[in-house]
Amino acid sequence: MRITHWIGGKAWTGTAQRTGDVYDPATGQVGGQVDFASASDVDEAVTAAREAFSRWRNASLAHRANVMFAFRELLNARKSDLAEIITAEHGKVLSDAAGEIQRALEAVEFACGIPQLLKGGFSENASTKVDVYSIQQPLGVVGVISPFNFPAMVPLWFVPNAIACGNTVVLKPSEKDPSAANFLAELFAEAGLPDGVFNVVHGDKEAVDRILVHPQVKAVSFVGSTPIARYVYETATRNGKRVQALGGAKNHMVVLPDADLDLAADAAVSAGFGSAGERCMAISVVVAVDPVGDELVGKISERIAGVHVGDGRRPGCEMGPLVTGAHCDRVRSYLDAGRSAGAKLVVDGRGHSIDGDDAGFWLGPTLFDHVDVDMSIYTDEIFGPVLSVVRVPSYDAAVDVVNANPYGNGTAIFTNDGGAARRYQNEIEIGMVGVNVAIPVPVSYYSFGGWKDSLFGDSHAYGPHGVHFFTRAKVVTSRWLDPSHGGVNLGFPQNS
């Protein structure tokens, strides 16, 4: 299977001088070839988007909302098809892929309310016979660069808001699982989105770099690792663009002595190993406050033994493979590194039973105990099914550990003490906080984003921040000395 770009409302092959393999992670076999865009291919996409912008920006709010509603209905009707595409290329189990799409639908539904979201302010007679009002207008062509771990949800954090606000988009999805982006492009076309408003270019750094420096690209949204997020932010801002670049994470779950340890253990396993740990909001560190460490580690170990790992298309599988062989090898290397550094390897995922092809990119849930904060298994974003337990003597020590970490994406506290929870949410230097909720991803009418090295730029993703990011404000001061009158029309007023 060959996966091509989508430019100007149709599949577009371009130069295709370079291609990449797309694997089925559960079998280790190559399932297709994806074209890698050259700089000239990106230029074609930007040109198509630029030409479409002059028309799309003038489309009424009602029309933009109607297109978004139609896209929402199509996506909901075809979500099982999209889930199969995601599982085949990413490896996450079908139920997890379906959950990703459901959260994506929430972001689309938020964008359906664009007429309400773009209301401005109005002051009558700010001065004598002078009115002042504000309006929000689109930026132009915007670039979206999305990661492999959520090939549908993350693009739909940005694209619906950008389009609903009147912009046109060039999306560069991950080359590891590119087909979901083309599927979304086809649904947008079927929903009535004009040609060129949404374009997809596949590829690697060459395509990314051209988006970052192209003079007609006005803004860039990115999700990925912290080093690349920093590079995207610095390069794009240096070229005069508005940027939101969401980076990596090392999410901590603090468990206080009064917590329900069964609930905490369930949450640690679910949040640590769902999607094989390939989530920017995955829990990778459990901070156990004395004296709960031994009991909590025992409960987590018991639950790990029952996790059904295998091909996500097989009944009952709860956790799939990692996305590529190279990534699997990298994650596996941390098991030896952690043990060599002195951590206790409580559960070795290399020995976990697998319900799948032996050639797949497998690693079962892995648990380390007695982890120190200077070990690589703690400092590095592993992005795999490796959970580390750090033991501390007190609540204050737990807060110190979390706040000292350079990442600031998400965190959770498990406790039955309302005062402790309230204090934690106030004192912790993290952008998203869960109280007895291990993965505190905000609903679509709030915004998603971390602090510190987990975010570069001022705007978070989707929600109110998303609307603000994809528009710029204009204030108009007007004086009309002579009133004007229209003709008589007895028909019912129509919005169009």
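**Figure 1. Secondary structure and overall dimensions of the predicted protein chain.** The protein chain contains 16 helices and 25 strands (DSSP runs numbered from the N terminus, with H or I over at least four residues for helices and E over at least two for strands). Its radius of gyration is 24 Å, close to the 23 Å given by the globule rule for 496 residues, so the chain is as compact as a globular protein of that length. The radius of gyration is taken over C-alpha atoms, and the globule rule is 2.2 Å times the number of residues to the power 0.38. Along the principal axes, the C-alpha atoms fill a box of roughly 80 × 55 × 45 Å. The model is predicted: local features need pLDDT of at least 70 and side-chain atom pairs count only at pLDDT 80 or more, while totals for chains, interfaces and linings use all residues. Residues are numbered from 1 along each chain as its sequence is written, and side-chain values use heavy atoms, with hydrogens and water left out.

**Figure 2. Domain 1 and domain 2 of the protein chain.** Domain 1 comprises 2-247 + 454-476, and domain 2 comprises 251-435; these bounds come from an automatic or database domain assignment. The centres of the two domains, taken over C-alpha atoms, are separated by 31 Å. In the interface, 21 residues of domain 1 are in contact with 25 residues of domain 2 (heavy atoms within 4.5 Å). About 2000 Å² is buried between the domains, and carbon and sulfur atoms give 60% of this area. Buried area is the accessible area (1.4 Å probe) that two parts lose on being put together, summed over both. On the side of domain 1, Ala26, Val93 and Ser454 lose the most area to domain 2, together 25% of what that side buries.

**Figure 3. The side of domain 1 that touches domain 2.** Between the two domains, 9 residue pairs are in polar contact, both residues being at pLDDT 80 or more. A polar contact is a pair of N or O atoms within 3.5 Å; within protein, one must be able to donate a hydrogen and the other to accept it, and residues adjacent in sequence count only if both atoms are side-chain atoms. Strand 4 (18-24), helix 3 (79-90) and helix 4 (94-112) each supply at least two residues of this side of domain 1. Helix 3 gives the most, with 4 residues.

**Figure 4. The salt bridge between Asp24 and Arg313.** The closest N and O atoms of this pair are 2.9 Å apart. A salt bridge is a side-chain nitrogen of Lys or Arg within 4 Å of a carboxyl oxygen of Asp or Glu. The structure holds 26 salt bridges. Arg313 lies in the loop between strand 15 (309-310) and helix 12 (325-341) and Asp24 in strand 4, so the pair ties together parts that are 289 residues apart in sequence.

**Figure 5. Backbone geometry at Pro291 and Lys129.** The peptide bond from Asp290 to Pro291 is cis, with omega near 10°.
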